[in-house]
Amino acid sequence: MKTFIDKLQSEHRLTKSEFIQLLDGMTPEISEYLFEKSRQVARARFGNQIYTRGLIEFSNYCKNNCYYCGIRAENRQVQRYRLSLEQILSCCEQGYHLGFRTFVLQGGEDPYFTDERFVEIISRIRHSYPDCAITLSLGERDFKSYEAFYQAGANRYLLRHETATEAHYQKLHPANQLLKTRKQCLLFLKQIGYQVGTGFMVGSPYQTTEHLAEDLLFIWELKPQMVGIGPFLPHHQTPFADKQKGNLEQTLFLIGILRLMLPNVLLPATTALGTIDPNGREKGILAGANVVMPNLSPIDVRKRYTLYDNKICMDEEAAESREKLNQRMCAIGYELTTQRGDYQEYPIEK
């Protein structure tokens with residue numbers, strides 16, 4: 001297994017068969033060998049600086065019915081909400097004063113937020129905070145919509161593919177949601193000029209090691225600037241309520257692989273990691289991640305934006321949350337930075 005890790009560090013890719021063998025051969029000893037390498041690569045590029053993104057969950061309405069998601073359209077028990085333009089700008093103002101220089105607008109695929117409404121939101125944020133990056137996570141749109149958002153001032157777009165295998169994708173989504181549509185959206189975003197993020201769930205229902213290997217190969221081909229992965233966590237009001245949650249160790253192992261595969265990639269230690277393990281985000285950083293995303297959403301709506309059960313940081317004020325997170329990062333030898341944290345194409349050693 002160490003031979004595969006060494007090859008990944010030097011060549012930045014493996015064959016499908018090699019990825020499968022490496023994933024199936026994971027042990028605590030092999031994991032620590034991988035993390036030593038992935039930490040070294042992350043430190044060489046980013047030092048001990050952890051980039052922060054201020055997350056604004058603007059709507060929990062969604063037209064889709066993904067079987068794993070707590071805000072799916074058919075969940076009638078969700079108390080729905082939408083943030084107004086003024087509320088979104090207030091979140092940005094608070095975040096800016098706390099040192100955030102990237103705002104992430106994330107929501108369900110809510111038809112209320114037309115292109116025109118979102119162009120106005122993006123334009124207002126861009127005008128008020130010209131030195132900040134604007135990241136969108138709005139789901140699937142057409143080329144014209146993505147282009148309008150980009151021209152209004154958006155810089156980055158997050159769209160996790162969730163699984164790169166068609167048959168597996170169909171087990172996680174209704175028939176009207178297609179993997180080829182999702183992949184086409186990612187290609188549109190890259191064509192327009194966004195810094196693009198994708199990613200997948202680890203341990204989602206029906207997932208195999210072969211599926212994970214195909215995810216890694218897809219990401220290698222796409223060459224995204226950001227990759228977000230996290231363990232699958234069930235929500236009690238979904239068809240997958242009784243499914244087993246993902247595995248922390250496997251998720252960390254994949255973070256290490258991704259860092260060696262794409263040394264310059266922006267790689268978050270996700271909230272899901274912190275949910276599955278009290279020290280999950282710290283472990284993610286020590287596996288090679290270099291981004292965290294504290295929540296700037298109003299406290300009174302956070303409990304309504306639950307994609308999975310037991311999500312952390314629901315009741316903390318943004319300032320309190322950021323300070324606690326900084327203390328936790330300092331405890332493991334890292335610190336939060338106020339830099340925007342744009343993707344940089346550092347030279348990659350062969």
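Arg82 and Asp110 form a salt bridge, with their closest N and O atoms 2.6 Å apart. The pair links distant parts of the chain: Arg82 is in the loop between strand E2 (54-59) and helix H4 (85-97), while Asp110 is in the loop between strand E3 (102-107) and helix H5 (115-128). The two residues are 28 residues apart. Arg82 is partly exposed, at 34% relative accessible area, whereas Asp110 is buried, at 3%. The model described here is predicted.

The structure holds 19 salt bridges. Three of them, including the one above, are listed here.

| Salt bridge | N to O distance |
|---|---|
| Arg82 and Asp110 | 2.6 Å |
| Lys7 and Glu18 | 2.9 Å |
| Arg101 and Asp131 | 3.6 Å |

Asp131, at 33%, is partly exposed.

Lys7 belongs to helix H1 (residues 2-11) and Glu18 to helix H2 (residues 16-24), 11 residues apart. Here Lys7 is partly exposed, at 23%, and Glu18 is buried, at 14%. Elsewhere, salt bridges link Lys16, Glu210 and Glu214 in a network.

The structure also has an open sheet of three strands, in the order E10-E1-E11, with parallel pairing. Strands E10 (291-292) and E11 (335-337) are at the edges with a single partner strand each, so one side of each has no neighbour in the sheet. Helix H14 (residues 318-331) packs on this sheet and touches E1, E10 and E11.

Notes
Residues are numbered from 1 along each chain as its sequence is written. This is a predicted model: local features need pLDDT of at least 70, side-chain atom pairs count only at pLDDT 80 or more; totals for chains, interfaces and linings use all residues. Side-chain values use heavy atoms; hydrogens and water are left out. Two strands pair if DSSP finds at least two bridges between them. Helices (H or I, at least four residues) and strands (E, at least two) are DSSP runs, numbered from the N terminus. Contact means heavy atoms within 4.5 Å. Axes are lines fitted to C-alpha atoms, for helices over the stretch in contact, and angles run from 0 to 180 degrees between N-to-C directions. A salt bridge is a side-chain nitrogen of Lys or Arg within 4 Å of a carboxyl oxygen of Asp or Glu. Buried means under 20% relative accessible area, exposed over 50%, partly exposed in between (1.4 Å probe, protein chains only).
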